[in-house]
Amino acid sequence: MINSLFLISHSGDIFLEKHWKSVISRSVCDYFLEAKEKAGDPENVAPVLQTPHHYLISIYRGKLFFLSVTQTEVPPLFVIEFLHRVADTFQDYFGDCSEVLIKENTVTVYELLEEMLDNGFPLATESNVLKEMIRPPTILRSVVNTLTGGSNVGGTLPTGQLSNVPWRRAGVKYTNNEAYFDVIEEIDAILDKSGTTVFAEIQGVIEACVKLTGMPDLTLSFMNPRLLDDVSFHPCVRFKRWESEHVLSFIPPDGNFRLMSYHVSSQNLVAIPVYVKQNISFLETGSCGRLDITIGPKQTMGKTVESLMVTIPMPKSVLSVNLTATQGTYTFDLTTKVVLWDVGKLNPQKLPNLRGSISIQTGAPKPEENPSINIDMKLQQLAISGLKVSRLDMYGEKYKPFKGVKYVTKAGKFQVRT
Amino acid sequence: MQEWASQLCENRQFGSKMTDSKYFTTTKKGEIFELKAELNSDKKEKKKEAVKKVIASMTVGKDVSALFPDVVNCMQTDNLELKKLVYLYLMNYAKSQPDMAIMAVNTFVKDCEDPNPLIRALAVRTMGCIRVDKITEYLCEPLRKCLKDEDPYVRKTAAVCVAKLHDINAQLVEDQGFLDTLKDLISDSNPMVVANAVAALSEIAESHPNSNLLDLNPQTINKLLTALNECTEWGQIFILDCLANYTPRDDRESQSICERVTPRLSHANSAVVLSAVKVLMKFMEMLPKDLDYYGTLLKKLAPPLVTLLSAEPELQYVALRNINLIVQRRPEILKHEMKVFFVKYNDPIYVKLEKLDIMIRLASQANIAQVLAELKEYATEVDVDFVRKAVRAIGRCAIKVEQSAERCVSTLLDLIQTKVNYVVQEAIVVIKDIFRKYPNKYESVIATLCENLDSLDEPEARAAMIWIVGEYAERIDNADELLESFLEGFHDESTQVQLQLLTAIVKLFLKKPTETQELVQQVLSLATQDSDNPDLRDRGYIYWRLLSTDPVAAKEVVLAEKPLISEETDLIEPTLLEELICHIGTLASVYHKPPSAFVEGSRGVQHKRLPGSAGSGESVESPDTGSAAGVSDAPPAVIPSQGDLLGDLLNLDLTPPATTGPPPPATSGMQLGAMDLLGGGLDSLLGGDLGGSSAMGAGFGAPPAAPAASFSAPVSGGLDDLFDLGGGVGMPMGAYSPPKTVWLPAMKGKGLEISGTFARRAGVIQMEMTLTNKAMSVMTDFAIQFNRNSFGLAPAGPLQVLTPLSPNQSIEVTLPLNTVGPVMKMDPLNNLQVAVKNNIDVFYFSCQYPISMLFVEDGKMERQVFLATWKDISNDNEAQFQIKDCHLSSDAVSNKLQGSNIFTIAKRTVDGQDMLYQSTKLSNGIWVLAELRVQTGNPTFTVCLKCRAPEVSQCVFQSYDAVLKN
């Protein structure tokens, strides 16, 4: 199981270590740092590395490496999932998962890590269980604690850990009872030069924010559940009910959580909300090129495309660009060579266009690769797969909660090849 | 009021921000001293702040161990946070201050009785983390209580604590009976307790490969399945991994387990999903294929695998490595999901390369157009490694899907037109393979290839281009000019290119003898006279001699028709694939290597095998039967091509693509021998023995040892003669047993002298001892015990000395041994520490046993498996030894070795040198493969050992030496 954890900054500085078994010297990280050096881009460091005596399994989150060391055979996914959970917990506790915040809260971090893992086995990883044991820092509380000698460690047994519903604590009370669900869909797509869809799929999640008193038992049903053939559920969802009736029946965790994620595969037709007409070319001689991009609405289901943003990573030999945008603004980052065009709302009457010239280092050969164009966008009040929630019922409690469902569609990894 | 003020001052001193980062700022000289003062302060709050500072320093790796007594003093407190912080500190530093740590014991023991279960659990948990022997003694009683605690939270914490304790002192855990208590917890009413018990037992079992700690039977399986539904995600992983080790009795049980595991495929935690996939992939083997449920299950496996690919890149990577295995074993699962493996330009490079691999595996006639379009797209990307692999992939598609070959070739030509240097080079390398797969079809492109000759600067591409020129010399008008241009810098080329150039020019000469005489003489003299490379020199001499004695034969040899190359060249060998399928989701599955290849030390690892299909009723534990059943089920075209294997076996300089199809016609022995010479490397086999030209002539004069009949065997190419030995090994002789030596001299044994030896008789390891009483009084009450040792040797029964041993009397005792005892790596590996007790005292001595005692009777490996395994084991694990002064014939050698369970699988005679290929299996399942070279008249043998646990090589060699010399 997991022996040790090292937190390593973007630049390769080991700033925190925690051992759950015997202490492993931090020199073990040298292997990792070497691999990092070799990979160049931190995102390209392979997540599983082998050293003569240890295995190093790492993730890269928030410009930090979470590096775990194990000595025996262990499922690597288990370790990676756990590391992401650690990062999630930090985010949950400190609002973000960054070096500065972790350093500011070392002791809490240390206490958390101690509670999350025992002898390398996960102990308490549910946020609500952890929060019962170690209260998240707030400015007010730390001041109060200093003055009163109070503590931010809970003295009670975390009830959730043993009940049949470990994700929910007992005795929850709210004056306003509310349950909100966000259906968020992301379109992952690759379009080729001519605009034909090479590949497209939808990654959907239902994020819930449930603040209900007592032990409510909820049932969420859909108009068209047949769409969902590939789903992953939060442990609270009763799988049998889903299999037999295609409804989500569950006792919710308290607060924010991801109820389910689903995947509408490339077998089904996926609606593509925009089309991109583009032409990026470099001249054989002379160090320059042309760029011309127009974006228009395609299958938007009657909604407006908002927060439209276009990212074009240019070849390294590009020196500068001189472009004109009919709508929005563009920037060109000289170090990363990325053109970022913030378009905003897409107006079907007046299509946004970006065009102009590109200049290349003199003497550099014509770039070999074609840059690919990444699109970001948002469509409110629409789940592009067509998924619709029909109703939410509550059992087990008497009060009437506020209920709400929101839909939004975004571009995920949406790229256009040139 | 005053306290309030002082605290205010303190706060100011720390800076205005009330965060922990302030602890980082104090790096002044007197820091430790200051902290010491604060820790001993009367004020609770100040104490806590000080402990926090200490912990913060500790987390960043500063040494604050000097504060140990002061921190421990803070332990007795009602403040839970303070207590926890002190515990954290203790865990870190107890090891370096064991005497101080004892001070804490009382508080721990007291806390284990606390009415608050949280405190009880915390105490037992922390105690287990203090890795100090003295503390563990005190831990036993509290732990025993906690394992039976009324509160499940305490029980589950205690279960993990047993694993911790086992890590520190395994013997203690066994002696105290904690393992049995742990096994009982599998039937606990609380699912979390069950899960933790399973996790703890699994971890302990890993250090006891032979023990049957997790004795799975239908009842326990049922309990695990029940707990599976109710425990946390992590618990589910432990339980699923444990389930995967179970072998269902029949297909019905298998199906019912599959049905109960399938819902886990919808879990949000990808590790749960993959562990469930492992269980299903394994148990599916037992289901009859015509069963409806079998089809349903296949369909259910695809979506979760696809979903894994939308997770974070790190998860994707592990998932892809596993999908690579799954696709090889059951291609039908994902055959329609090609598109999800399309590469996104912002995928990390490690994900891109894996996706590409799987795309090629899934490529078929149905989707080849899409795949090719994608590959072409990738070939224009930025990342060089990725582009190269994409170009290679196009070539592999051509070879795999015949209908697409033409399209692939034209795509490759397009890419060559881009003139991007590395793209051109890769393209030429793969086009060479395409020529070999489809001879006389695409040669029209040669002209285009020749245009790019100058831009090639990588040896592999140069060698490929030279091969093409030589092979098609008759169609290339200026072939001689082209080859001549390479010859100019002959000595600066790599060996690969030099060898290829030599062969190509000889080919050219045989095709166009009139114009190229000068050229061939030039290359032959460069190769033989000016080169220091033995491979090159030998090949040069062979050609020279061949051309000068019999040009017709030379033509037959050099221009012989080459076998076609196979479709897939990088498939995992089937037995390894099966084993890896059983390890889905583990590190082994990520590395595509069996766990035995990288589990440290000589801890044996049981090789896992897929169960046979329904009704076969075969025992799964036995690797032989298991693999036999599995192979017959395996999809076609997975059999690795033997030519390739032989190539590696002989350390070829150039890896030729694999051969399949019917073996080439064996017209004459001569041609046969030379055939694999052209394939690229018999010369390395012939090695330095061909120094003189007379010896070389003799080498060619002698007909190869292979009877022509052996070509009907499915093994193809020149390999057969390697394996002509068949079962033709004579009657084995008895196992070797060294003479007795004195282990315990009477001086040290208070009059008891023990001499002894080890023997293996009828499959039982025995320790044979002579006990001599050289004292004045009678000795009685003999007993024996072994320390933990590398192979788990332990007495199988008590030491049978029935009558008292009178003075000056001797007695012969035979003690049967087994290998299920506790394991610990010894130095040397075969060292055994023994304690013998009698009525007088306890005596300790150590002795070394010949490792041949551990060679088991079923150590004869299948030839194919041998080849595959030899190939699979990395060359780093190879060790070479010399056996001197041995005057035995090779047959006598194999007979003698077989007596000690070293089995000769094949024999090959080359130029008066016999090569014996041998396998041996150790009692813990480690295989050792050997190549023994015996040259008639030369008393020095060379033995070359390959083993996944290279540590044993030295001992095995000693056994060879001992067996052969006695």
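**View 1. Surroundings of A:Ser4 in the predicted model.** A:Ser4 touches A:Lys18, A:His19, A:Trp20, A:Ser22, A:Ile24, A:Leu67, A:Ser68 and A:Val69, leaving aside residues up to four places away in sequence. The structure shown here and in the views below is a predicted model. A:Ser4 belongs to strand S1 of chain A, which covers residues 2-9. The relative accessible area of A:Ser4 is 0%, so the residue counts as buried.

**View 2. The side chains of A:Ser4 and A:His19.** Among the residues that A:Ser4 touches is A:His19. The two side chains, of A:Ser4 and A:His19, are joined by a polar contact of 2.8 Å.

**View 3. The interface of chain A and chain B.** On the chain A side, 96 residues are in contact with 104 residues of chain B. Between them the two chains bury about 8,700 Å², and carbon and sulfur atoms account for 57% of this area. Of the area that chain A buries against chain B, 8% is supplied by A:Glu73, A:Leu77 and A:Glu104, more than by any other three residues.

**View 4. A salt bridge between A:Arg417 and B:Glu374.** The side chain of A:Arg417 meets that of B:Glu374 in a salt bridge, with an N to O distance of 2.8 Å. The count of salt bridges between chain A and chain B is eight. Polar contacts across this interface join 23 residue pairs in which both residues have pLDDT 80 or more.

**View 5. Helix H2 of chain A and the side that touches chain B.** Helix H2 of chain A spans residues 76-94 and gives eight residues to the side of chain A that touches chain B, the largest share. By class, this side of chain A is made up of 39 nonpolar, 33 polar and 24 charged residues.

**View 6. Confidence along chain B.** Chain B has a mean pLDDT of 77, and 82% of its residues reach 70 or more. In residues 1-19 of chain B the pLDDT is below 50, and this stretch makes 15 contacts in the model beyond near neighbours in sequence. Residues 24-28 of chain B also have pLDDT below 50; for this stretch the model shows seven contacts beyond near neighbours in sequence. For the model as a whole, the scores are ipTM 0.82 and pTM 0.68.

How values were computed. Residues numbered from 1 in each chain as written. Chains lettered and ligands numbered in written order. Heavy atoms only, no water. Contact = heavy atoms within 4.5 Å. Buried area = accessible area lost by both parts, 1.4 Å probe. Salt bridge = Lys/Arg side-chain N within 4 Å of Asp/Glu carboxyl O. Polar contact = N/O pair within 3.5 Å; in protein donor to acceptor, adjacent residues only side chain to side chain. Helix = DSSP H or I, 4+ residues; strand = E, 2+ residues; numbered from the N terminus. Nonpolar A, V, L, I, M, F, W, Y, C, P; charged D, E, K, R; others polar. pLDDT = per-residue confidence, 0-100. Buried < 20%, exposed > 50% of the residue type's maximum accessible area, 1.4 Å probe, protein only.
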